Amino acid sequence: MRRLILILLVSLLGVAAGSARTHGLRINEVLVKNVDNYVDDYGHRSSWIELHNTSHSTVDLGGYYLRVVANGVETLYRIPSGDPRTKVSPLGYIIFFCEGTGTKGTLYTNFTLEDVESIALLSQNGSDVIDQIEIDYAAQRPDVSVGYMTTAQGDETFMALPRTTPNATNDTEPVIARHERFRQMDPHGIVMAVSAVTVVITVLATLFIFFKLLGNYMISVARRREKASKAKAAKTSAQQPQEETGGIAYSGDEIAAIAMALQMYFDELHDRESSVLTINRVARAYSPWSSKIYGLRQFTKK
């Protein structure tokens, strides 16, 4: 039984780890119209799709699918298994060239991005969508890619990038930190001071109200207990005479009469004795055997 539970736990952990690794994948950057940009291993310029592993574990893309929809037609490309190049390292990138033949190797798909409407990354079962983006083909400009980028407000959005960044992060522009933006908004620190004072006063007021209510509650509980204790003591004292007399309550006159009757009863138990004393002389017969002059300590006379 213990072994079965251990196997189940290991299986669940494995599924959870695999799910976490899968969800760490995303379509990071796409270049639809490659006129004078990134060149593949054959020296050709074609449209390409960049995938990014945002997790901290290596993910093998072997068996996954890339799907494009162009002019309402869906095309799938199954990423071959067993190729070490499909193993994306933690926080790593991989690029698939969309040249349309699918005969140049693992990283070359069987579709192009001509008139593309959407691009999706599917799991190994070919049905679960890991990530998907919509693309307006008519709005695409030559050598301008689209992808995820962090805006000046700190939000990550899918947008046209200022420059292509294959196999690298898309955040090439300096990002202003939040504290720096706040400093620019409040150069004299007035808002910060007011916010700090407000927070402190709010916390102190909350603590005061909490302890005040707690104190009132404890006082009410103590008073209820004291009242209950007094009521119990009064009830006990009221029931005590009845318990001592067998449950019958007597008046004061009745108790006095009973006491007098008991006194008279105990007096009659003793005989009355005369106060006259009589002294008689006791005569004792003399015997030499009891005389002290004839003891053994008396020496014999010669």
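Arg 45 counts as partly exposed, at 41% relative accessibility. Its side chain meets that of Asp 36 in a salt bridge, with an N to O distance of 3.4 Å. Asp 36, at 56% relative accessibility, counts as exposed. These values, like those below, come from a predicted model. The chain has 302 residues, of which 26% are buried, and its secondary structure comes to four helices and 11 strands. Among contacts between residues at least 6 apart in sequence, 58% join residues at least 24 apart.

**Salt bridges**

- The count of salt bridges comes to five, among them the one between Arg 45 and Asp 36.
- Glu 74 and Arg 67 meet through their side chains in a salt bridge of 3.9 Å, N to O.
- Arg 67 counts as buried, at 16% relative accessibility, whereas Glu 74 is partly exposed, with a relative accessible area of 48%.
- Asp 83 and Arg 85 form a salt bridge through their side chains, at 3.0 Å from N to O.
- In this pair the acidic residue, Asp 83, is buried, with a relative accessible area of 14%, while Arg 85 counts as partly exposed at 44% relative accessibility.

**The four-stranded sheet**

- An open sheet is formed by four strands in the order E5-E4-E8-E9, with antiparallel pairing.
- Strand E5 (73-78) and strand E9 (129-134) each have a single partner strand and stand at the edges, so one side of each is left without a neighbour in the sheet.
- On average, neighbouring strands of this sheet are turned by 15° against each other, direction ignored.
- Strands of a sheet pair through backbone hydrogen bonds, in either a parallel or an antiparallel arrangement.
- Strand E4 (residues 65-70) pairs with E8 in the antiparallel sense over six bridges; within this pairing, Val 116 in E8 is the bridge partner of Ala 70.
- Strand E8 (residues 116-122) also pairs with E9, again in the antiparallel sense, over five bridges; here Leu 122 stands opposite Val 129 in E9.
- The hairpin of E8 and E9 has six residues between the strands, and Gly 126 takes a positive phi near 75° in this hairpin.
- How far is E8 enclosed by the rest of the structure? Six of its seven residues are buried, so E8 is largely enclosed.

**The largest nonpolar core**

- In soluble globular proteins, nonpolar side chains tend to be buried together.
- The largest nonpolar core of this model has 33 residues.
- The residues with the most contacts inside this core are Val 30, Ile 49, Leu 51, Leu 61, Phe 96, Leu 113 and Ile 119.
- Two or more residues each are given to the core by strand E1 (25-31), strand E2 (48-53), E4, strand E7 (93-97), E8 and E9.
- Beyond its neighbours within four places in sequence, Ile 49 is in contact with Ile 27, Glu 29, Val 30, Ile 94, Ile 95, Phe 96, Cys 98, Phe 111, Leu 113 and Ile 119.

- Tyr 137 has its place in the loop between E9 and strand E10 (146-150).
- Is Tyr 137 buried or exposed? With a relative accessible area of 19%, Tyr 137 is buried, because the limit for that class is under 20%.
- Not counting residues up to four places away in sequence, Tyr 137 touches Val 32, Lys 33, Leu 113, Glu 114, Asp 115 and Val 116.
- One of these residues, Lys 33, is 104 residues from Tyr 137 in sequence, with 9.2 Å between the C-alpha atoms.
- With Glu 114, Tyr 137 makes a polar contact from side chain to side chain, at 3.3 Å.

**Thr 202 in helix H3**

- Thr 202 is found in helix H3, which covers residues 190-244.
- At 44% relative accessibility, this threonine, Thr 202, counts as partly exposed.
- The backbone oxygen of Thr 198 is reached by the side chain of Thr 202 at 2.6 Å.

Key: Residues are numbered from 1 along each chain as its sequence is written. This is a predicted model: local features need pLDDT of at least 70, side-chain atom pairs count only at pLDDT 80 or more; totals for chains, interfaces and linings use all residues. Side-chain values use heavy atoms; hydrogens and water are left out. Two strands pair if DSSP finds at least two bridges between them. Axes are lines fitted to C-alpha atoms, for helices over the stretch in contact, and angles run from 0 to 180 degrees between N-to-C directions. Buried means under 20% relative accessible area, exposed over 50%, partly exposed in between (1.4 Å probe, protein chains only). A nonpolar core is a set of buried Ala, Val, Leu, Ile, Met, Phe, Trp, Tyr and Cys residues joined through side-chain atoms within 4.5 Å. Contact means heavy atoms within 4.5 Å. A salt bridge is a side-chain nitrogen of Lys or Arg within 4 Å of a carboxyl oxygen of Asp or Glu. A polar contact is a pair of N or O atoms within 3.5 Å; within protein, one must be able to donate a hydrogen and the other to accept it, and residues adjacent in sequence count only if both atoms are side-chain atoms.
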